[in-house]
Amino acid sequence: MDYISTRHSSLSLRFDEAILQGLSNEGGLLIPRSKPSIDVNEWVELSDFLTFTETLLGLYLKDSMLESHLSDICRDAFSFDIPLDKIEGATFLLSLYHGPTLSFKDVGARFLSACLSKLKKPITIMVATSGDTGSAVASAFSGLPQVQVVILYPKGKISKRQEAQIICWENNIKPVSVDGNFDDCQALLKAALQDDGLNARTQLSTANSINIGRLIPQMTYFAYWSTRFYHTHAIKPSIIIPSGNLGHMTACYWAKQMGFPIGDLVIATNANQTLTRYARTGDFHPTQTEHTLANAMDVSAPSNFERLHHDLKTQQAFNEAFTVLSVSDDEIKSTIKSYYSRYKRMICPHTATGCFARDQLNNAKIYFVAETAHPAKFDSVIEPILGVAPPIPKRLSAMLNKMKPAECISPSLNELIDII
Ligand SMILES: *Cc1c(COP(=O)(O)O)cnc(C)c1O
């Protein structure tokens, strides 16, 4: 399997080269040259999740230096449960927060760190985080020899507990709070990745979903659970994903393209309207980012749109592939409340956008909603709504009393270069 750039199809990289590089030199995103087609009848036999995952990811790591390490990598990365929970009749939550930092970002971050630790190359990993990538990456990369990690997060725009999970680390993790929003952090990251001086000093890459190594492992659970469901019920489930930077949905879309039995794809966003506007007008035009209760999705310029657009090309094709629904803060609040009273289920504000979207759609059709984070990360949102605090998992409380102040900069590449 080789990887090309969205802006340059003559580039050809192996998977290991693609994850070390992160972004292609002209600023394009790396994508597989083609996606293998599968016959679902062969995949229903793979009922064990790890076996399924290894087989699927093997297609994407083929001919790379990591191919022979794949079993080890999968065992390290997928070391926690990813259950599908039935909520009622036709609604399921695909519960993705059972990793060490309580969001789905643990999957991609742990897979990437397992890959890089096999490659044994000195590298600096820089990430821009809207809240959950930073902690997942810090946890996955903490203590990894030869790896330095720089985490850029928007000052005052992530939850206290998300911040605590970013600033509780020793050694090779450097948190940097940026006086701006997530899009500023992401722009800074892209500028750094393309800065010749910095790249001459160190091998620089990213663990954002810009990095293909974060994205590919996110295909696995959508492919696995839709295949299990199809095998038992002969129905293709539709999937709703609370989305910001669109990495998660891009992975799911690729799984569907390969032939896994996935029905409709629904992008749930918060009040940031870039995608709903694109779906309506065909004009992709990021504006000022709005700060919402679902802060990990506070993105106005979703990076992975470029990957989807490379395939889909037109507004019409995009609208045939996806439904986009934008969900307001009030709707998030009412959904958190109603899922608690109807189903005794506490959901995080991001998951609530997906659940709200689900309630707008055909009642009889099967929907999986991706449950992207644990509610305890967002106690400051949830407790005032429900009057009850979400129980704190041990792995979170252990991080809460280890905080140290982060360095603060304005969104300027020079200031960033000065401190790393
Ligand atoms: C990152 C994140 C999202 C959005 O995922 P994208 O891949 O950026 O679209 C949704 N929910 C939570 C909790 C997240 O941390």
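Let's start with a charge: the charged end of Lys344 sits over the ring of Tyr340, 5.1 Å from the ring's centre. "Over a ring" is used when NZ of Lys or CZ of Arg is within 6 Å of the ring centre and within 35 degrees of the ring normal. Keep in mind that this is a predicted model, where local features need pLDDT of at least 70, side-chain atom pairs count only at pLDDT 80 or more, and totals for chains, interfaces and linings use all residues. Residues are numbered from 1 along each chain as its sequence is written, and side-chain values use heavy atoms, leaving out hydrogens and water.

Now for rings meeting rings. The structure holds 20 aromatic pairs (rings of Phe, Tyr and Trp, the last by its six-membered ring, with centres within 6.5 Å; planes under 30 degrees apart are stacked, over 60 edge-to-face, the rest tilted). Take Phe52 and Tyr224: they pair edge-to-face, 5.3 Å centre to centre with 80° between the planes. This pair links distant parts of the chain, since Phe52 and Tyr224 are 172 residues apart. Phe52 is buried at 0% relative accessible area (buried means under 20%, exposed over 50%, partly exposed in between, with a 1.4 Å probe and protein chains only). Tyr224 is buried too, at 8%. The rings of Tyr224 and Trp225 have centres 5.2 Å apart and planes at 80°, so that pair is edge-to-face. Ring pairs join Trp43, Phe49, Phe52, Phe78, Tyr224, Trp225 and Phe260 into a cluster.

Finally, the sheet: 3 strands form an open, antiparallel sheet in the order 2-1-3 (strands are DSSP E runs of at least two residues, numbered from the N terminus; two strands pair if DSSP finds at least two bridges between them). Tyr3 stands opposite Leu13 in strand 2.

Notes
Helix = DSSP H or I, 4+ residues; strand = E, 2+ residues; numbered from the N terminus.
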